Amino acid sequence: NAMRDFAATFETVETEIGLTSAQRQEYKSRLESYYREQYLPKLSENLGYTANFKDYFPKDPKVQILQDLYISSNENPLGSKHELNAADDNSSYTRFHAEYHPIIKNYLEKFGFYDIFLIEPNNGNIVYSVFKEADYGTSLTSGAYSKTNFAKAFEAASKAKDTQFVKLIDFEPYHPSYNAPASFISSPIFDEQTLIGVVIFQMPIDAINLVMTSGNNWEGSGLGKTGQSFMVGADYTIKNEFRAFIENPTEYIQVLKSTAMDKNIIAEIEKTGSAIGRQKVTTDSVKNAMSG
């Protein structure tokens, strides 16, 4: 029901609110200020270069309206936009948001996911998100994030014929999360044989690190002074943080700078505080494991 209700009312939100041209411009102006003063400066800092406003700002008026209602006009600070159950408007979308958001938010908090998304299958619009980052409302087929690993997760699930289909997409730096590494798991939503949407979970980095580092208690778990466990993906990048980076990040970055690693990658690791999806490990043991 949530998928159907959000998809239907997402399309009608602009006409239901009944904005004049002047009011529509007010929504757009508030959102522009948010992008220029909050989102893009923080993203640019982590990217190491200035992000272009035109590459990120949504062009669709209904996306601008929803992003203003739930992000730029949302008085909760960054990282807490999900605390708003209902925006101050009279749309059916907000009525359904007030009904479903507390339930989905509780599910997210119970299982520790970073975010949960509902995407309608025709245009790939993200019609619902718990955390309301800059991808909220945008299209995963034609929007600013249509070339990301998030979009790959959507595409795979939207083409699935099996109701039990699940696709896990590996960690990559993700701009709406301020270039932090993000991994996604997607599954189609069917009403009998009809695809009505896709649900996508953004995977929790902290929870994975907690398992792989035994809660940063390496010695207590028998790994002594220097031992560690870490995961490496098919692209040879790490999927949890190295012990040395957690214990002494400044010293770790200095060591990286003395190697032949790409300086831009080192800068990203330093700025974002994460090497996940960025640092490669190509030791003999890793190569042997990859080859079976």
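Asn179 turns up in the loop between E3 and E4, in what is a predicted model. Phi of Asn179 is near 70 degrees, which is a positive value in a residue other than glycine. With a relative accessible area of 2%, Asn179 is also buried. Tyr178 sits in that loop too, between strand E3 (167-174) and E4. Tyr178 is not a glycine either, yet its phi is positive, at about 60 degrees. Its relative accessible area is 11%, so Tyr178 counts as buried, the cut-off being under 20%.

One aromatic cluster takes in Tyr34, Tyr35, Tyr39, Phe53, Tyr56, Phe57, Phe117, Tyr145, Phe150, Tyr174, Tyr178 and Phe184. Across the structure, there are 27 aromatic pairs. Take Phe6 and Tyr93: their ring centres are 5.3 Å apart and their planes meet at 50 degrees, so this pair is tilted. Phe6 belongs to helix H1 (residues 2-17) and Tyr93 to helix H5 (residues 92-111), so the pair ties together parts that lie 87 residues apart in sequence. Phe6 is buried, at a relative accessible area of 0%, and Tyr93 is buried with a value of 0%.

Next come the helices. Two packed helices are described by the angle between their axes and the distance between the axes. Helix H2 (residues 21-47) packs against helix H10 (residues 263-272) at an angle of about 130 degrees, and their axes are 7 Å apart. H2 and H10 are therefore oblique to each other. On the H2 side the contact involves Glu45, Asn46 and Leu47, while H10 brings in Glu268, Lys271 and Thr272. Sorted by class, this contact of H2 with H10 has 1 nonpolar, 2 polar and 3 charged residues. Ser44 is part of helix H2 as well. Ser44 is buried, with 13% relative accessible area, and it touches Tyr49, Thr50 and Ala51 once residues up to four places away in sequence are left out.

H10 has another packing partner in helix H9 (residues 249-257), with an angle of about 175 degrees and axes 10 Å apart. That angle makes H9 roughly antiparallel to H10. What makes up this contact? Ile253, Leu256 and Lys257 come from H9, and Ile266, Ile269 and Glu270 from H10. By class, the contact of H9 with H10 has 4 nonpolar and 2 charged residues, with no polar ones.

Technical notes
Residues numbered from 1 in each chain as written. Predicted model: local features only at pLDDT ≥ 70, side-chain atom pairs only at ≥ 80, totals over all residues. Heavy atoms only, no water. Phe/Tyr/Trp six-rings, centres within 6.5 Å; stacked < 30°, edge-to-face > 60°. Helix = DSSP H or I, 4+ residues; strand = E, 2+ residues; numbered from the N terminus. Buried < 20%, exposed > 50% of the residue type's maximum accessible area, 1.4 Å probe, protein only. Axes fitted to C-alpha atoms, helices over the stretch in contact; angles between N-to-C directions. Parallel < 35°, antiparallel > 145°, perpendicular 65-115°, else oblique. Contact = heavy atoms within 4.5 Å. Nonpolar A, V, L, I, M, F, W, Y, C, P; charged D, E, K, R; others polar.
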